[in-house]
There are 2 protein chains.
Amino acid sequence: MKNPILNPVAKQHSNNTFTADEVGLANRNSGTLLETLRHDVTPVGAHYLLNHFDIPYVESADNWTIELSGLFQKPQSISFAQLQGLAPQTQRVTLECAGNGRRHVQPHWPSQPWSVEAVGTADWTGVSLKSVLELAEPEAHCSEIVFHGTDTGVDGGAVHHFARSLTIENSMLDEVMLAYAMNGQPLLPQHGFPLRLIVPGWYGMASVKWLNKIEAIDYAFQGHQQVGTYVYRDKKDDHGTPVSKIRVRSLLIPPGIPDWSTRQRLIRPGITNIIGRAWCGGGTAVARVELLAGERSIEATVHPSSDRFAWQLWEAQWEATEGQHILSCRATDANGNQQPLEPRWDAAGFGNNAVQQVEVWCEDY
Amino acid sequence: MKNPILNPVAKQHSNNTFTADEVGLANRNSGTLLETLRHDVTPVGAHYLLNHFDIPYVESADNWTIELSGLFQKPQSISFAQLQGLAPQTQRVTLECAGNGRRHVQPHWPSQPWSVEAVGTADWTGVSLKSVLELAEPEAHCSEIVFHGTDTGVDGGAVHHFARSLTIENSMLDEVMLAYAMNGQPLLPQHGFPLRLIVPGWYGMASVKWLNKIEAIDYAFQGHQQVGTYVYRDKKDDHGTPVSKIRVRSLLIPPGIPDWSTRQRLIRPGITNIIGRAWCGGGTAVARVELLAGERSIEATVHPSSDRFAWQLWEAQWEATEGQHILSCRATDANGNQQPLEPRWDAAGFGNNAVQQVEVWCEDY
């Protein structure tokens with residue numbers, strides 16, 4: 001077999017093809033560049049981005065208000081300045097898109113065709129949602145809180161603004177926050193300027209951006225982004241199960257050097273230190289990561305995370321020998337949840353936490 | 001005809017398909033979100049990104065040096081601190097990827113499948129290249145300066161680091177600079193931290209990132225990124241013509257609201273203010289922009305740019321009537337160069353400055 005990197009004509013291409021709409025979404029949305037997993041905090045602009053509609057243009061935060069309406073004893077509007085006067089908190093949180101891995105779930109759902117790169121970690125600063133809800137005093141029979149963004153568009157054939165709900169219990173968890181800063185700077189427009197929700201441990205769709213309204217209700221919210229999508233389904237028309245917490249996952253930084261277009265890796269023989277990140281959404285730690293190299297499983301050293309909802313660094317030594325290899329890593333969390341080796345089926349490609357596969361060619365080039 | 005946005009089953013999809021490698025590149029590289037054209041300076045992280053190889057990991061700029069070698073009378077190493085001691089300059093520059101528009105050139109070359117979004121504008125701060133070259137005193141017979149980055153990988157079947165040359169004359173132009181800051185902050189890793197070249201007016205490949213060596217030579221540089229790619233070619237194996245300055249182009253911010261997956265637009269009937277940007281690489285101004293709506297051409301107001309190499313704002317009023325429309329804009333520069341209505345052929349899809357096409361559906365929804 002010839003080296004498929006140095007002999008481009010020998011390159012293997014997938015027969016799986018994608019539409020212009022999928023490519024348009026991939027150009028518009030952004031994945032993390034895997035080599036930035038080296039950074040504890042993803043560099044600004046390399047954090048993954050998935051925006052459903054257009055980024056609302058907000059010139060200044062000065063006139064931004066959050067309306068608390070519905071089943072509150074003290075419904076009110078809170079100004080951005082008032083929010084900034086509440087006790088601030090900062091948390092390092094790893095966020096991941098629920099559609100991460102979609103393109104490996106075959107036949108793939110025609111949406112943002114993520115491979116594995118829809119993840120990022122940031123230091124978010126803001127105030128606890130609980131402290132804000134307590135100002136307005138939810139009624140005793142309130143069962144859900146709905147978070148409304150200002151971003152508006154069409155999906156599922158209907159015009160709507162992006163909105164999601166959480167149960168009142170989840171809304172009162174200490175870690176759920178209204179964030180106005182990312183890595184010590186005001187939010188970037190594409191990350192929700194001036195204010196967004198951050199729901200640590202949940203896939204990214206829960207962390208509503210451009211948040212301007214918080215509504216207390218006593219029924220199950222039926223918005224499109226709650227029940228029309230972000231639901232695990234065996235078939236397109238199933239009622240399904242809501243997508244919620246992030247499933248355990250790990251990624252490795254592809255070693256060696258890349259081929260420009262295929263991203264296959266070229267590496268010299270010898271001992272290589274492989275590093276990566278692992279995370280899970282339960283607020284539980286990742287207990288174990290195995291580096292999988294062909295038939296071999298190498299136990300990785302897994303470091304604790306600085307924050308409960310931030311990814312963990314792991315490292316393992318691998319001896320690269322000449323020829324072709326597939327490198328994977330497989331994480332298991334403290335509750336025994338483990339990444340599958342193959343994608344599990346979901347009609348819309350949500351929650352695919354199957355192991356990453358990195359093609360490596362080793363030779364003394 | 002049914003509204004293709006509100007009736008998703010009626011959506012028209014292109015038959016043009018893309019490979020997993022192309023989608024992988026689109027996820028890895030980032031396009032500007034078109035609504036950010038509203039900002040004079042593209043928000044950090046929304047600036048387009050095209051990186052050939054991996055982002056080199058540079059922990060600190062403290063030990064970074066630039067080696068000036070080859071045909072200099074005073075070859076030397078210059079430290080990052082020394083560079084920062086030279087007279088700084090800041091320029092607002094619009095950069096665009098030479099492959100922007102590639103996916104519309106049919107049959108499309110299998111590479112980063114940009115539609116129209118590979119553009120961005122930033123305030124770059126650094127020192128003039130000329131001031132640095134003068135420290136080292138190029139020999140009289142030096143004809144080219146080669147700029148070497150530290151990013152390394154495989155392309156065209158050979159391992160190399162990214163390197164490009166400019167003629168000595170172009171290298172001495174006042175506007176060519178070594179930049180260490182973007183929008184008032186140190187460069188982000190993915191934009192070349194700690195130091196990069198900025199060649200205003202040229203497509204982005206000229207602005208070498210992670211720059212650590214400047215070499216003076218007296219022959220035509222034959223590196224892969226100079227002669228193996230970034231060349232206009234009728235056929236794959238032609239010798240071709242080097243890609244250099246940015247061709248005149250304009251973009252409009254899609255009006256109304258988007259459909260999530262197709263990005264088709266929904267708009268209500270009435271007068272709409274359409275705004276956009278226009279630019280060209282010659283350091284010449286864009287003299288004219290027409291907004292094209294079906295058979296109609298509407299003359300836009302074109303505002304001057306703040307800087308010679310920065311894009312210009314334009315605006316035009318369009319009366320949206322019920323039904324389907326294709327909106328385009330067409331710029332002409334002060335030298336009479338005009339955007340074509342259809343892509344011009346290039347084997348690798350470089351330099352396609354054909355007009356953007358935005359599908360709009362208008363109804364009183």
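Tutor: Two residues are in contact if their C-beta atoms, placed from the backbone, lie within 7 Å. The model is predicted.

Student: Not counting residues up to four places away in sequence, which residues does Leu291(B) touch?

Tutor: Leu291(B) belongs to the largest nonpolar core, which has 196 residues. Leu291(B) is named there with Leu178(A) and Leu178(B) as touching the most other members. Beyond four places in sequence, its contacts are Ile274(B), Ile298(B), Ala300(B), Ala316(B), Trp318(B), Leu327(B) and Cys329(B).

Student: How many residues are in the second, separate core?

Tutor: This core includes Val23(A) and Ala26(A). From chain B it includes Val23(B) and Leu25(B). Its size is 8 residues.

Student: Which element gives the largest share of the side of chain B that touches chain A?

Tutor: On that side, 59 residues of chain B are in contact with 59 residues of chain A. The elements giving two or more residues are β1 (17-19), α1 (20-28), β6 (144-155) and β15 (257-258) of chain B. The largest share is 9 residues, and it comes from α1(B).

Student: What is the bridge partner of Phe18(A) in β1(B)?

Tutor: Strand β1 (residues 17-19) of chain A pairs with β1(B) in the antiparallel sense. The pairing runs over 3 bridges. Within it, Phe18(A) has as its bridge partner Phe18(B).

Student: Which strand gives the largest share of the side of domain 1 of chain A that touches domain 2 of chain A?

Tutor: The domain assignment gives domain 1 (20-242) and domain 2 (246-362) in chain A. Across the two, 33 residues of domain 1 of chain A are in contact with 28 residues of domain 2 of chain A. The largest share on the domain 1 side is 5 residues, from strand β4 (residues 89-96) of chain A.

Notes: Residues are numbered from 1 along each chain as its sequence is written. Chains are lettered from A and ligands numbered from 1 in the order in which they are written. This is a predicted model: local features need pLDDT of at least 70, side-chain atom pairs count only at pLDDT 80 or more; totals for chains, interfaces and linings use all residues. Helices (H or I, at least four residues) and strands (E, at least two) are DSSP runs, numbered from the N terminus. Two strands pair if DSSP finds at least two bridges between them. A nonpolar core is a set of buried Ala, Val, Leu, Ile, Met, Phe, Trp, Tyr and Cys residues joined through C-beta atoms within 7 Å. A residue is buried if 20 or more other C-beta atoms lie within 10 Å of its own, exposed if 12 or fewer, and partly exposed in between; C-beta atoms are placed from the backbone. Domain bounds come from an automatic or database domain assignment.
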